[in-house]
Structure formats: C-alpha cells, structure tokens
Amino acid sequence: MMDVAAACGMLSAIYAAEKPDLRAIISPKGDRTFGALHANANRLANGLRGAGLKPGDGVALMCSNRAEFVEAVLAALRVGLRITPVNWHLTADEAGYIVADCQAKALIVEAPFAAFFAEATAPRVRLSIGAAPGFEAYETFQAEHTADDPSAPELGTIMLYTSGTTGRPKGVFRRAPEIILPQGAGTFCAYEPARDVNLCAGPAYHAAPLLFDVCWPLASGVPIVLLPKWESTEVLALIAQHRVTHAHMAPIMFHRLLALPEEVRTNADCSSLRTIFHGAAPCPIAVKRAMIAWWGPILWEYYAASEGGAGIHISAPEWLAKPGSVGRRPNPAALKILRDNGTEAGVNEDGHIYLQTNSNNPFEYFGAPEKTRDSHKAGYFTLGDVGRLDADDYLFLTGRTAECIISGGVNIYPQEIDDVLSQHPAVADCCTIGAPNSEWGEEVRAVVELRPGYDKTDALAAELLGFVQARLSGFKCPRAVDFADALPRLPSGKIQRAKVRAPYWHGQETAI
C-alpha cells in the first residue's frame, strides 16, 4: 500500500498536519486553509470510492478557478482516479465529447455548466457546485463522507486534452502518476514558503497554470490566489494586496498589462514579484523587453507542451543576451533539429523540432493507439514547430509546420472549423489558418473557395462567420473570412495549408 501523503506533498497532507491554519486558497468564491482543503478532498475522495469508482476510472471536472476545482483534483489523485479538467469555454457539444471520450464515471461541474450535460452523461456520480437540476449538490455529497485519510494502492493521474492537426481533441495519458515534489531552494521555483504567494491568473484547466500555479505551490506549502477571470487592473491589485511573488502568464496577458494607461502601470506596486513564468505561445521581443523593463529580470520562459518537454527554459538575463530564444538545449539528446530527409540540421539551420520522449513514463493518446504511434519517432515527438539552434545551443522558434493554431496561448484545431464551414451551402472548400495578430500572436482566419453561383461579398463573409459562431466556441471562431478563386492542392487533392498560410506571414519576423 502506497503512503500517499509521503509520496506526494501536493496532496496537502503534510501541511494540513503541520500548519492546518495556513492559507492554501484565496479566492472570491471561497478561501481554504490547508486543513480544510485536506479534509474536503478526503471527503470527496471517500465519497467517489464509496460510489464504486476504482483506480483508473475517469472523472471529468468542469469548473472555474475556485477552491472546489483544487479539492476535486486532489481527491481524484488520492484514490487512483484519472481526472480530466474540461475547458469551460467550450460549447455543450465540445464539452460533451470530452466527457464521453475520457470515459468519465463521475462528472463534477460548476452550476452554470450543468445544463451542458444530459442526464445520461456519467450515470454513476453527477455533482454540481451550486444547485442544478439532475445533479447532487457537491457540498451535500462531501458532507456525507468521512474526512479520514483514504488508503489507496496507487496515485491517480491528470489527463488533459490537447489540440492537434486533425479531428477532435485527444487525451494525453500517462500510465504512471507524475509525482509533484516540493519546489524549494535549488528548484525552478525556489519557493520560500514562509513568505511566498502564488497567483493563478489563467484557467487552471490548462496544463501550465495547473502545474505552475496549483500543483507546485500546493506541494510547497505556498498559498494560491485564484483569479476567476483575467482583468488587468484586478491582477495588479491582487499582486499588491497579497504580496504575490510567483505567477504563470501567457504573452496575451503581457499585452493587456502593457495596454493599461501609463499612470496605472507606474502606480502599481509589483515590488513583491520574484518569478514570472511564461510560455504557451511565442512572445514578441518588444513585448518581453517592455515587461522586463517594468518588472525587472524576473521572467522565465519555457518551451514544452502537455505531451512533455525537454527542460528548455531561459532566464531574463540569458534572454537579454539571446533575444528571441526560448532556452538552451540541456544536452544533445534532449532535442533535435531535423531536415525533411530526417538528418540533423546544422548550426543556425532551420528544421523540424523534435523533443525527447520521457522513456520512463511516455505519453499516449487515450484510446487512440494509431495516433500514439504516429506521434512518436524513435524516442522523440514533435509539436510541429520549426526552429534552429545557434552555436551556443540556444533554441529559436522560426515557424510551424503543424496545422495547429496558437491564439492567445490556446491551441485551436483548424480541421474542426473547416468541418463546420464546409456544411454551409456556399462553401465548395475551405482552409482555416493562423494569421498574424500583434496582440494574440495568431488569429483564426478562414479562406473559402465558393461554389458556383455565389459571390464574394461582405454579406456572405458575415453570414459564414455567423454560421460558425452558432456551432463552435467563441475562441475557435474565425476573426475574418477571405475568399480564394482556388485553394492550392497536392496531386492527391489535399489542400496545402502551409501554402494558404504563407502569404499572411510574408515579411513577418517569424512565421509563428
């Protein structure tokens, strides 16, 4: 029997025992001490197990940044369950697909999202945070079960869904649990628990905020300030009020902070900040320079994904010497730059970036063995990015071969949008791409080839946008529709998305 508390400090048992009154969660939707967080997670864990869930069973969680989100994650991990946080910006159809695909035996939702799910979904356990028809109250379910520590044969896992190039999202699954240890002196975070505070400003259902802003601080006895929704002036106020020291941000957040009036930025007290991590999307050089000038050399950039990474990261002082780099290759095996023919590219030569797979606990796409096999290549995998290594082994991203669009740090499937657009009677064919956007990095743009009898008018473009908006989440919808006489195709008839995308990026500093 595994000693869960000893194996994973993230489960809060250590801090609940030693400092039960220490703040763990600070949120407008309810605070928690480590003692209360620990007890509530135990109650939920014992309840899920009492309802018949067994190690390896799936749990789906659709909840904004609030204490109950953290309780649900901890509860699932304590009794060996596989938990999938679901993006609450999705439509009912999109969210329903993920709940079904992850084979959830339990569904935990915040009340505003409960209407997304038919009563047949997750028949064993249906819990709602706040009252919702067809759901048992989360608080009542917790109260019916003991706060005793559950004994479990194994830890659970977190399975996130990631975007790719075709089809629906895929669950990134690892068979062995990932142990989160305290991040004290000598680690990436170098937390000082007696004084540090972590701000979670992005949605915790994303991989990076979940790791950087939830798992790592909880494993280290560091309080978390949970922000339900980004608002730039509120972020600055929370930093000053709680003396925040650590946070993870995406470049879009930097854009929004820098867009505030100069007087607001000048008067903001950000003196407590010690470490800001950023990634998820490339950060324009000018934006990063401005943030370093404002907050000091406290920014750490990284390059990784839900599937994993190779320890690529860069400090602000390093970056100032190598502007535009995302980090130094830690060793020759960690990352390779390959030409189209599979040979390794030379110094400063662009090629396809391949990251080393974790051989001890490799990822697989849940329920999709063929996609798993296709994603791996002799111990490596690619995110579809193009880049180069300089003479000092620093990595620079220069383009993308994958069809995935990254807008505001969020991955978006172009094929999903194409599939919807192609249902409109005016559309003969279409190709959705990422076009440059100074704030978001990329914006979704649809290029459409019309059927005979339809004219390329602004009215039709607006109609096509409305057609997509009625069927997909807002963040996936194109910002504009462009018309083409004929889309470029291979001899097989497949559209060449890279050729459609190329003119939009002509003259840009990078193509990513």
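**Entry 1: two packed helices**

I looked up helix 3 (residues 34–50) and helix 4 first, and found that they pack at an angle of about 55 degrees, with their axes 8 Å apart. I noted that the axes are lines fitted to C-alpha atoms, for helices over the stretch in contact, and that angles run from 0 to 180 degrees between N-to-C directions. Helix 3 and helix 4 are therefore oblique to each other, since angles under 35 degrees count as roughly parallel, over 145 as roughly antiparallel, 65 to 115 as roughly perpendicular and the rest as oblique. Helix 3 passes helix 4 in a right-handed crossing; a crossing is right-handed if the near helix is turned clockwise from the far one by less than a right angle, and left-handed if anticlockwise.

The contact (heavy atoms within 4.5 Å) involves residues including Leu 37, Ala 41 and Leu 44 of helix 3 and Val 70, Leu 74 and Arg 78 of helix 4. Sorted by class, this contact of helix 3 with helix 4 has nine nonpolar, three polar and two charged residues. Here Ala, Val, Leu, Ile, Met, Phe, Trp, Tyr, Cys and Pro count as nonpolar, Asp, Glu, Lys and Arg as charged, and the others, Gly among them, as polar.

**Entry 2: how to read the model**

I reminded myself that this is a predicted model, in which local features need pLDDT of at least 70 and side-chain atom pairs count only at pLDDT 80 or more, while totals for chains, interfaces and linings use all residues. Residues are numbered from 1 along each chain as its sequence is written, and side-chain values use heavy atoms, with hydrogens and water left out. Helices (H or I, at least four residues) and strands (E, at least two) are DSSP runs, numbered from the N terminus.

**Entry 3: the nonpolar cores**

Which residues have the most contacts inside the largest nonpolar core? I found Leu 44, Leu 61, Phe 69, Val 70, Ile 108 and Leu 218, in a core of 51 residues. Helix 4 (residues 67–78) gives the most to this core, with nine residues. A nonpolar core is a set of buried Ala, Val, Leu, Ile, Met, Phe, Trp, Tyr and Cys residues joined through side-chain atoms within 4.5 Å; buried means under 20% relative accessible area, exposed over 50%, and partly exposed in between (1.4 Å probe, protein chains only).

Leaving aside residues up to four places away in sequence, Leu 61 touches several residues, among them Phe 69, Val 73, Pro 85 and Ile 108. Apart from this core lies another, of 36 residues, which includes Ile 26, Val 225, Leu 260 and Ile 292.

I then turned to helix 9 (residues 251–258) and helix 11 (residues 285–295), whose axes come within 10 Å and cross at roughly 60 degrees. That makes helix 9 oblique to helix 11. Helix 9 passes helix 11 in a left-handed crossing, and their contact has eight nonpolar, one polar and no charged residues.

**Entry 4: positive phi**

Most residues other than glycine have a negative phi. Asn 348, however, has a phi near 60 degrees, and it is found in the loop between strand 18 (335–338) and strand 19 (351–356). At 44% relative accessibility, Asn 348 counts as partly exposed. Ala 378 has a phi near 50 degrees, lies in the loop between strand 21 (376–377) and strand 22 (380–381), and counts as exposed at 76% relative accessibility.
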